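Let's take a friendly walk through a protein model, strand by strand. Have a look at the picture first, and then we will go through its parts together.

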Amino acid sequence: MVYLFPRKVKRMRFFLTVCLLCTVLMWFSPAASAGQLFYDFSGPNVNVLTSIDTSTGVVQAIGTVSGYQNLSSSAFGPDGTFYAIGDTTAGAPKLITVDLHTAAVTVVGAAPASAFGLEIANDGTIYTTEGSYLWKGSSIGSLTKSTQPL
């Protein structure tokens with residue numbers, strides 16, 4: 001016969017209670033019931049704007065981001081604007097905004113040739129990296145490279 005010490009039983013009960021509470025809160029949360037949409041790029045040229053409904057798992061192609069490919073870095077701005085960095089079909093990378101309903105593009109400015117990642121702070125400052133350098137900019141202009149490596 002296995003005996004559990006009272007302290008272990010209390011820890012196990014606490015752990016199970018926390019797990020149950022988290023499960024119930026996630027199940028009945030408004031976000032889970034309403035379903036959130038996540039956005040990403042897909043397709044052979046990684047330029048098809050796609051939405052994924054988290055409550056149903058339905059994936060829907062919204063449209064092709066014309067004139068761009070390899071849109072691998074994206075982020076939402078504090079105002080809900082969807083930003084991305086991608087190569088133009090001519091090869092020049094750009095920071096762009098993408099309309100989530102039509103996949104229409106607005107060019108914000110130039111971007112580094114091999115940008116990796118895209119983050120936007122609450123104040124709207126846009127950050128990306130290229131190698132060991134940080135690039136920084138705003139939603140109304142091009143990104144500029146830091147003078148010192150990270």
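This is a predicted model: local features need pLDDT of at least 70, side-chain atom pairs count only at pLDDT 80 or more; totals for chains, interfaces and linings use all residues.

What holds strands of a sheet together? They pair through backbone hydrogen bonds, and the pairing is either parallel or antiparallel. For E4 and strand E5 (residues 82-88), the antiparallel pairing runs over six bridges. You can look for glutamine 69, whose bridge partner in E5 is aspartate 87.

## A hairpin to find

Now turn to strand E2 (residues 48-53) and strand E3 (residues 59-64), which pair in the antiparallel sense over five bridges. Opposite leucine 49 you will find glycine 63 of E3.

The hairpin of E2 and E3 has five residues between the strands, and glycine 57 in this hairpin takes a positive phi near 80°.

Is asparagine 47 buried or exposed? Asparagine 47 counts as buried because its relative accessible area is 11%, and the cut-off for buried is under 20%.

Which residues does asparagine 47 touch, leaving aside its neighbours within four places in sequence? Its contacts are Phe41, Ser42, Gly63, Thr64, Val65, Tyr68, Gln69 and Leu71.

Note on methods: Residues are numbered from 1 along each chain as its sequence is written. Side-chain values use heavy atoms; hydrogens and water are left out. Two strands pair if DSSP finds at least two bridges between them. Helices (H or I, at least four residues) and strands (E, at least two) are DSSP runs, numbered from the N terminus. Buried means under 20% relative accessible area, exposed over 50%, partly exposed in between (1.4 Å probe, protein chains only). Contact means heavy atoms within 4.5 Å.
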